[in-house]
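Dear colleague,

Please find below the structure that I am handing over to you, with its sequence. My findings follow it.

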Amino acid sequence: MNIIVQKFGGTSVSTKENRAKVIEKIIAKKNEGNQLVVVVSAMGRKGDPYSTDTLLESIDLRLIDQKELDLLISFGEVISSITLANEISKLGYKTEVLTGKDIGIITNDNFGSADVIDFDSLNIEKGLKEDKIIVVAGFQGATIDGDVTTLGRGGSDITAALLGGYLAAEYVEIYTDVDGIMTADPRIVKDAQVLREMSYSEVHQLAEDGAKVIHPRAIELAQRFDVPIFIKNTHSNSKGTYIEEINTKNTGSELLLDSDKIMTAITYKKERVQVKIYEEDSNTINRLMKDLVRSDISLDLINFFKDYKVFTIDEDDRDKFMDLVKSYNFDYDITSNCCKISCIGNKMRGVPGVMANIFEALSVNEIDILQTSDSYNTIWCLINEKDLEKALMVLHTRFKLNE
Ligand code: ADP
Ligand code: MG
C-alpha cells in the first residue's frame with residue numbers, strides 16, 4: 001500500500017470548521033486505500049488559545065530556560081494532534097497520536113531550533129500495519145537524553161518531509177492557506193499567480209530567501225530522499241504546486257512557464273543591515289571575520305574590494321556587531337532598514353540582460369539599488385525597505401509573472 005504524508009499548518013487546524021475540511025482531505029486519501037501519516041502544527045495564530053505564540057505569552061520568558069520553553073511549546077502540536085485524531089475517530093476510523101519523541105526523531109540539543117540527527121520509524125510502521133491513521137505532533141523531537149526539543153518556526157514542514165523520506169512515501173502534501181507556491185507573496189503582490197510545478201532548487205531558494213510557505217530544510221530533505229511535495233490549500237480543491245526534481249539542463253519550470261518567462265518567482269527578506277568597512281589590511285579583516293564567527297553573526301551579500309568590504313547582517317545582530325567593531329580602528333558605514341529582494345528562476349542561467357532589465361525597471365521607478373549579487377538561479381538586489389512593495393510589483397510585472 002502507498003504511504004502518503006499530509007501536513008496541515010496552524011490556520012488549517014485552527015477551528016472545528018477548518019478541521020472538518022482537513023478531515024475531508026484525510027478521509028479522501030484513506031478511502032483511496034492509502035496508508036496515512038498526518039502531521040499537524042499548533043492550532044491557529046497569535047491570540048488563539050493553544051497556538052505557539054499564545055503559549056509563549058503565557059509565561060515570563062525571563063524566568064524559563066530554553067529546555068523548559070521547548071517542552072512548553074511542544075504541547076501546542078500535541079494538543080492539536082489529539083484534538084484532530086479525536087475528531088477523525090468519531091467518524092469510525094482508527095487513529096494513533098504520536099509525538100516527535102514517540103516516533104524517534106532524535107535531534108541535537110540546540111533547543112528552539114534543533115537539527116534532526118536520527119530517526120527511527122518503527123512506531124509509525126506498527127500503527128500503519130494496524131490500519132491506523134497516524135497523527136503526528138509536528139515541529140518537535142527529543143535529544144538522545146530524552147529532552148523534548150523543537151525544530152524552529154515552520155518546523156512541522158521538516159517533520160513531514162522527514163517522514164515522507166524515511167517512510168518512502170509516494171508524496172508529501174503540505175496544506176496551508178494559499179493555493180500553492182505563488183510568483184510572489186500574495187499579501188503584497190495582489191496579482192501573484194500560482195505556480196503549478198517547480199524544481200526543488202527553485203523552491204529551496206525561495207524558502208531560504210524569505211517565502212514562508214515552506215521551510216527550506218523540508219525541501220532539502222525531500223530532495224535528498226527524492227520524494228515529491230505538493231503545496232495545496234486546505235480550503236479549496238486547487239491542484240496546488242508540485243515540487244520535484246526537474247531534470248532539464250537549462251530550465252527549471254519549463255513545464256508551466258511560457259518560453260518568454262525566464263523568472264519563476266520573487267521573494268524578499270526584511271530587516272537587513274548593510275555594512276561597509278573601509279580597510280585594506282588583510283590581517284585586520286581576518287581578525288574581524290573570526291570575531292564575527294565567534295559572535296555567531298552571519299553575513300550575506302558579501303563583496304570584498306581592495307579598499308573596502310561590504311556585506312549585510314540581520315537587524316537582530318546589529319547591536320552585537322556595533323559592540324564588536326568598537327575594538328577596531330577602521331571607518332565604517334551602516335545602512336539599516338534594508339531589504340533583500342530575490343529574483344529566482346532556473347531559466348535565468350546564462351541568459352544575458354536579466355540584470356540590465358532588473359536595473360532599468362527599478363531605476364526608472366526611482367528605486368535605489370544598494371548592492372547586487374547573483375548565483376546560477378538567483379539575482380539579489382538590496383534596496384531600502386521603504387521601496388519594497390513598489391519594487392516587488394514593478395519586477396513582478398516587468399518579468400510577466402502576473403500573466
Ligand atoms: P502554515 O501555517 O500553513 O504553515 P505559513 O504561514 O507558514 O502557513 O505559510 C503560508 C503563507 O506563506 C501564506 O499565507 C503566504 O502569505 C506566505 N507566502 C509568502 N510568500 C509566498 C509565496 N511565494 N507563495 C505562497 N505563499 C507565500
Ligand atoms: Mg509554515
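In what follows, a residue is counted as surrounding a ligand if one of its heavy atoms lies within 4 Å of it. Please bear in mind that this is a predicted model.

I begin with ligand 1. By that criterion, 18 residues surround ligand 1, and the closest are Arg45, Thr176, Asp177, Met182 and Arg187. Sorted by class, this shell comprises 8 nonpolar, 4 polar and 6 charged residues.

In the side chain of Arg187, an N or O atom is 2.9 Å from an oxygen atom of ligand 1. For Gly10, a polar backbone atom is 3.3 Å from an oxygen atom of ligand 1. Asp185 contributes a polar side-chain atom, which lies 3.4 Å from an oxygen atom of the ligand. On its own, ligand 1 has 580 Å² of accessible area, of which the protein covers 92%.

I turn next to the protein interior. In soluble globular proteins, nonpolar side chains tend to be buried together. Here the largest nonpolar core has 42 residues, and Val37, Ile124, Leu163, Ile214 and Ile229 have the most contacts inside it. Helix H5, residues 155–166, supplies the largest share of this core, with 5 residues. Apart from this core lies another, of 28 residues, including Ala192, Ile341, Leu388 and Phe399.

Which residues does Ile124 touch, leaving aside those up to four places away in sequence? They are Val37, Leu98, Ile103, Ile134, Val136, Leu163 and Leu167.

With kind regards

Conventions:
Residues numbered from 1 in each chain as written. Chains lettered and ligands numbered in written order. Predicted model: local features only at pLDDT ≥ 70, side-chain atom pairs only at ≥ 80, totals over all residues. Heavy atoms only, no water. Core = buried A, V, L, I, M, F, W, Y, C linked by side-chain atoms within 4.5 Å. Buried < 20%, exposed > 50% of the residue type's maximum accessible area, 1.4 Å probe, protein only. Helix = DSSP H or I, 4+ residues; strand = E, 2+ residues; numbered from the N terminus. Contact = heavy atoms within 4.5 Å. Polar contact = N/O pair within 3.5 Å; in protein donor to acceptor, adjacent residues only side chain to side chain. Areas by Shrake-Rupley, 256 points an atom, 1.4 Å probe, with all protein chains shown as cover. Nonpolar A, V, L, I, M, F, W, Y, C, P; charged D, E, K, R; others polar.
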